[in-house]
Amino acid sequence: MRATVLNLQTSDTEPAAEIKRRSSNRRDALIKAAAAIFLSDGFASASMRDIAAAAGMKAGSIYYHFPSKTDLFIAVHEEGLRLITQSVEEALVGVEAPWARLETACVAHLEALLTGSVILQAVMRDLPQNFDAGAWRQI
């Protein structure tokens, strides 16, 4: 029996960096699709199959990026926190006075939450009550 070596490139001309970029794009699409499903259906009712379909993927492909629905939920929250942090940091550029910085940060945070993407809307939705302590610490 002869061993077969898997070629991770889809063609001889496609570099590994392109494959990694596409994988990252699919991960981003999954996070956005999951946020929309979590927002509309809630965590408990959301299915990995529905999330994969919303992202334009086959159901089994989602597990390449996220081993569980909980891990995907945590990734949605991590991305939401990253977006909020980015908004606040951008708003604080050039603001020096301590009170003005606090006020600016609060306004930027609230504006991000109230006018932000579906990811930020999903972050504001109520959290699942059945998470274990490890999942809560990650969020």
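Predicted model: local features only at pLDDT ≥ 70, side-chain atom pairs only at ≥ 80, totals over all residues.

Student: At what angle do the axes of helix α4 and helix α5 cross, and are the two helices parallel, perpendicular or oblique to each other?

Tutor: Helix α4 covers residues 69–92 and helix α5 covers residues 98–115, and their axes come within 8 Å and cross at roughly 140°.

Student: Which residues make the contact of α4 with α5, and how many of them are nonpolar, polar and charged?

Tutor: On the side of α4 the contact is made by Ile84, Ser87, Val88, Ala91 and Leu92. On the side of α5 it is made by Arg101, Thr104, Ala105, Ala108, His109, Ala112 and Leu113. Sorted by class, the contact has eight nonpolar, three polar and one charged residues.

Student: What kind of aromatic pair do Phe38 and Phe73 form?

Tutor: A pair of aromatic rings is described by the distance of the centres and the angle of the planes. For Phe38 and Phe73 the centres are 5.2 Å apart and the planes stand at 70°. Planes over 60 degrees apart count as edge-to-face, so the pair of Phe38 and Phe73 is edge-to-face.

Student: How many residues apart in sequence are the parts that the pair of Phe38 and Phe73 ties together?

Tutor: Phe38 lies in helix α1, which covers residues 16–41, whereas Phe73 lies in helix α4. The pair therefore ties together parts whose separation in sequence is 35 residues.

Student: Which residues do ring pairs link into a cluster?

Tutor: Phe43 and Phe73 also form an aromatic pair, with 5.0 Å from centre to centre and 70° between the planes. Phe43 lies in the loop between α1 and α2, so this pair ties together parts that are 30 residues apart in sequence. The cluster linked by ring pairs consists of Phe38, Phe43 and Phe73.

Student: Is Phe43 buried or exposed?

Tutor: A residue counts as buried under 20% relative accessible area. Phe43 has 11% relative accessibility, and because this value is under the cut-off, Phe43 counts as buried.

Conventions:
Residues numbered from 1 in each chain as written. Heavy atoms only, no water. Axes fitted to C-alpha atoms, helices over the stretch in contact; angles between N-to-C directions. Helix = DSSP H or I, 4+ residues; strand = E, 2+ residues; numbered from the N terminus. Contact = heavy atoms within 4.5 Å. Nonpolar A, V, L, I, M, F, W, Y, C, P; charged D, E, K, R; others polar. Phe/Tyr/Trp six-rings, centres within 6.5 Å; stacked < 30°, edge-to-face > 60°. Buried < 20%, exposed > 50% of the residue type's maximum accessible area, 1.4 Å probe, protein only.
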